[in-house]
Amino acid sequence: MSAPPLDPRITERRNPRTVDIDLATPLGIVDLISAEDRSVADAVASQREAIAEAIAAIEASFRHGGRLFYVGAGTSGRLGVLDASECPPTFGTPPGMVIGIIAGGDHALRNPIEGAEDDPSAGAAVMDQHDVQAVDVVIGIAASGTTPYVRGALGRARARGATTGLIACSPPPDAMREVADHAIVPVVGPEVLTGSTRLKAGTATKMVCNMLTTGAMIRIGKSYGNLMVDLRATNVKLQDRAERIVCEVTGLDREHARQLLEKAEGRVKRALVMHHLAVDAHTADEKLEAAGGVVRRVVPHAPPPVLGA
């Protein structure tokens with residue numbers, strides 16, 4: 001019997017270490033999956049320079065009023081939408097600053113849309129629908145590195161002048177590399193279940209997306225030390241977090257921290273500058289604007305040390 005053809009996509013190959021997983025005990029399944037997952041962080045770390053370059057491109061885009069788009073199909077699309085949807089509550093960004101697009105539209109977030117990932121013209125069209133500009137960054141996510149929808153989106157985005165990037169977990173073909181200015185390729189190897197890229201590839205993708213948005217947001221001043229200070233106190237949990245941050249950084253008690261936040265309209269970063277420089281909200285905003293939004297360039301000292309460290 002002749003050998004079956006070897007799929008060039010590493011994400012579609014069989015994993016020799018899990019061929020008997022169907023006979024494993026529950027604990028055995030856990031151990032097999034855990035053993036495979038241990039390689040993911042190293043695969044992502046191997047792409048450190050490419051990730052850093054993409055962060056710099058996203059920072060430059062944000063500083064010039066641009067947007068970050070994630071584009072993907074299936075699991076890859078869902079992970080992009082997830083990362084985009086977390087930015088407003090985490091970093092106080094407007095909803096249109098980071099946008100997740102999934103092939104087949106929002107209905108595809110919960111339902112499979114047959115054939116949606118195979119249409120490059122649909123990917124191109126969605127870039128036109130969002131009026132992608134040269135100041136924007138478009139990151140395609142394709143675990144296999146071959147998704148036609150993603151290739152179409154990146155090609156059109158690049159034609160419109162945008163900076164493009166690709167997150168893939170198998171070396172992409174030349175046609176995909178040609179439309180990506182930045183290629184981030186953490187090769188995690190065959191999955192525990194053949195082709196189930198929601199596993200290692202999905203974990204690697206989530207890690208990369210975390211780094212891209214967190215890194216870019218830090219660079220534009222969304223943190224003070226490792227404190228998330230550009231949040232808006234819009235619910236009870238965030239109000240509590242905002243008050244605790246203000247208390248820790250300023251030394252104020254809860255009541256005075258609450259009063260300061262009220263004057264700052266719930267904006268932690270503004271409140272910190274108001275307190276440390278003894279200025280009003282308008283002046284605090286002016287000083288932050290002049291410093292590129294970075295608190296450390298306005299407030300003349302470092303955040304307090306971590307207690308117990």
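In the predicted model, helix 4 (residues 74–91) packs with helix 8 (residues 200–219) at an angle of about 35 degrees, and the two axes lie 10 Å apart. The crossing of helix 4 past helix 8 is right-handed. On the side of helix 4, the contact is formed by Leu79, Leu82, Asp83, Cys87 and Phe91, while helix 8 contributes Gly202, Thr205, Lys206, Cys209, Asn210, Thr213, Thr214 and Met217. An α-helix has 3.6 residues a turn, so residues three or four places apart point the same way.

Helix 4 itself contains 18 residues and spans 26 Å from its first C-alpha to its last, close to the 26 Å expected at 1.5 Å a residue. Its buried residues are Ser76, Gly77, Leu79, Gly80, Val81, Asp83, Ala84, Cys87 and Phe91. The elements covering these buried residues include strand 1, strand 2, strand 3 and helix 8. Just after helix 4, Gly92 adopts a positive phi of about 70 degrees.

Helix 6 (residues 148–159) has 12 residues, and the distance from its first C-alpha to its last is 16 Å, close to the 16 Å expected at 1.5 Å a residue. Within helix 6, Pro148, Tyr149, Val150, Gly152, Ala153, Leu154 and Ala157 are buried. These buried residues pack against strand 1 (68–72), strand 2 (98–102), strand 3 (137–141) and strand 4 (163–167), as well as against helix 5 (120–129) and helix 7 (174–177). Helix 6 is followed by Gly161, which has a positive phi near 100 degrees.

How values were computed
Residues numbered from 1 in each chain as written. Predicted model: local features only at pLDDT ≥ 70, side-chain atom pairs only at ≥ 80, totals over all residues. Heavy atoms only, no water. Axes fitted to C-alpha atoms, helices over the stretch in contact; angles between N-to-C directions. Helix = DSSP H or I, 4+ residues; strand = E, 2+ residues; numbered from the N terminus. Left-handed = near helix turned anticlockwise from the far one by under 90°. Contact = heavy atoms within 4.5 Å. Expected span 1.5 Å × (residues − 1). Buried < 20%, exposed > 50% of the residue type's maximum accessible area, 1.4 Å probe, protein only.
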